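Okay, thanks everyone for coming. Let me put this one up on the screen and then walk you through it.

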2 protein chains.
Amino acid sequence: MREQFTEWIHDLQNRICTSIEELDGVARFREDRWERPGGGGGLTRVIANGGVFEKGGVNTSVVHGELPELIRSRFKVEGGYFYAAGISLVLHPENPYVPTVHANFRYFEISDTEGGPVSDFWFGGGADLTPYILFDDDARHFHTVLKKACDRHHRGFYPEFKKECDAYFYNTHRRESRGIGGLFFDYLRAGESFTKEERFAFVRDAGEAFLPSYLPVAECRMHHTWTDKERYWQEIRRGRYVEFNLIHDRGTLFGLKTDGRVESILMSLPPRVRWDYDFRPEPGSREEKLINILQQPRDWVLEE
Amino acid sequence: MREQFTEWIHDLQNRICTSIEELDGVARFREDRWERPGGGGGLTRVIANGGVFEKGGVNTSVVHGELPELIRSRFKVEGGYFYAAGISLVLHPENPYVPTVHANFRYFEISDTEGGPVSDFWFGGGADLTPYILFDDDARHFHTVLKKACDRHHRGFYPEFKKECDAYFYNTHRRESRGIGGLFFDYLRAGESFTKEERFAFVRDAGEAFLPSYLPVAECRMHHTWTDKERYWQEIRRGRYVEFNLIHDRGTLFGLKTDGRVESILMSLPPRVRWDYDFRPEPGSREEKLINILQQPRDWVLEE
């Protein structure tokens, strides 16, 4: 599984970067290879100041070593080793009509001895969309593509992981979601219902759904012209994105606390951001409607 | 003490706002009074888009009620009531030559019954400076004024609270300080060495030192003209300020977790911020020298 998963994320990283560069038309990804002192390393690919993407990263990492204290205390084990492979991406378009997107797919193993038999393993991941100017069609498209990927494996997956996504990407202090959701799943183990191969097949399909879920939305909205006011609103909303990632996101905080590579972790932060005191959109405006939707997550896929 | 402290912070708030408006010359503070559902409230005063200050807040709050769960678990008490009064300010100048400044002075009481005898109390607070373009003279002036305020009460205060400030305002994940420090003190109780009145006298002097510690620095540097490159650097560094406040600052996280007034708490965030992937100042530049200093806190007051 280690090899299969690692091969898949590197291949997916290549294909996503190629597609994003094609869409962008101007900027190319810059690549940084890094090594983790405790074992393993990563391949960080970032794009900046493009025709479409103001900033983005499509990163993979394959790390292993002694279990960090944070995981040991969480799982109540005294020692042990881990192996983790994952792909993580965030794209921040310049145009406020094009939504920000995030996706992440990972495989985690624990063993009692380094390189010894695996005592526990799971898959995790998801994808979610953060629009600044919301088009219902975009939200429906994004969710529908993800739902189809889920449905191929189990009809219960989409409703469950959609709900978990709404619960996870929630700025409790603002009482609003970061965006309009998508999928979020974690601790997908093998058991009576699913084999390890079936779990991987699902995660792979979810990952493969990223490009078809996002690219058509970006392609469509990138042609909108925007005003300074719309850009201002985008920068204010990007502040909420930062707040979520730095205050609430378990992945970000875990990475920073376990001495992860800071620049690869914080590549998720938007390039230009604003915080105004008590900024409020005009009553009845499109911006206010977006906030109302973020305060009350909705179903985006119409029942067949 | 409640009345004395509350009267002092409101008076200091007025005087600071008046001085800041005079220096700014363009913008005026806007005032929001708010009430806390559990008891008490606050007076938030914010300034924006001024001649000197791009964004700033000088807030007071006087709140009371049942002890929040977070404090109960920290102090291992099952119930009880609190009374807290404080002044908190952050000023973000537009000009990258003028440093950002933060200060906070507070009084906290705990009692077993609402309005009953005080079972525990303490003072806390401090002030610290965050330059983007560092002038040693500014750092020395700021620290010297604070040291003089400390020395009037105890020769050990300045060294102790300066050290605590360096330890507290530290972005562990970046391995650098937020700024060039100042004072930080907490849990100043009465005991054999100091009476409650002596504690208050010290905190008051520290608070009164804010204007003379900061205003001359701002007055001097506000006349510098700046380049786009210097402004860019300031916005990058403001990102580190956001990282500290949202990831590490106990006051911010405590406020957000105990359902404090979000806009008053997050007024501390800078108005415009940038995150570039792996931004590095040029070798040998003034910017690189600043980072070196932030990685290794220094003594700013020359021994007499």
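**A loop, a sheet and a two-fold**

Let's start with A:Asn49, which sits in the loop between S2 and S3 of chain A. Before I go on, a word on what you're looking at: this is a predicted model, where local features need pLDDT of at least 70 and side-chain atom pairs count only at pLDDT 80 or more, while totals for chains, interfaces and linings use all residues. Residues are numbered from 1 along each chain as its sequence is written, and chains are lettered from A and ligands numbered from 1 in the order in which they are written. Helices (H or I, at least four residues) and strands (E, at least two) are DSSP runs, numbered from the N terminus.

A:Asn49 has a positive phi of about 50 degrees, and it is not a glycine. Most residues other than glycine have a negative phi. Is A:Asn49 buried or exposed? Exposed, with 12 other C-beta atoms within 10 Å. The cut-offs there: 20 or more other C-beta atoms within 10 Å is buried, 12 or fewer is exposed, and in between is partly exposed, with C-beta atoms placed from the backbone. Over in the other chain, B:Asn49 also has a positive phi of about 50 degrees, and B:Asn49 counts as exposed with 12 C-beta neighbours inside 10 Å.

One of the pairs is A:Ile47 with A:Gly56 in S3(A). Strands count as paired if DSSP finds at least two bridges between them.

Zoom out, and you get an open sheet of seven strands in chain A, antiparallel, in the order S1-S2-S3-S4-S5-S6-S9. Its edges are S1 (30-35) and S9 (182-188), each pairing on one side only. From one strand to the next, the twist averages 5 degrees.

Now the helices. H4(A) lies across S6 (118-130) and S9, at about 100 degrees to S9(A). H5 (residues 196-208) of chain A lies across S5 (100-111), S6 and S9, at about 20 degrees to S6(A). Axes here are lines fitted to C-alpha atoms, for helices over the stretch in contact, and angles run from 0 to 180 degrees between N-to-C directions. Contact means C-beta atoms, placed from the backbone, within 7 Å.

H4(A) (residues 157-168) also packs with H3(A) (residues 136-151), at about 130 degrees, axes 8 Å apart. In H3(A), the residues A:Leu146, A:Lys147, A:Cys150 and A:Asp151 meet A:Phe157, A:Tyr158 and A:Phe161 in H4(A).

Last bit: the dimer contact. What relates the two chains? A rotation of 180 degrees with 0.0 Å of shift superposes chain A on chain B, RMSD 0.0 Å, by least squares on the C-alpha atoms of residues with pLDDT of at least 70 in both. That is the relation of a two-fold axis. In chain A, A:Val273 comes closest to that axis, at 2.5 Å (C-alpha). And A:Val273 has B:Val273 as its bridge partner in S10(B), with three bridges joining the antiparallel S10(A) and S10(B) (residues 272-274).

As for the interface, 24 residues of chain A are in contact with 24 of chain B. On the chain A side, H7(A) gives the most, with four residues.

Methods. Two residues are in contact if their C-beta atoms, placed from the backbone, lie within 7 Å.
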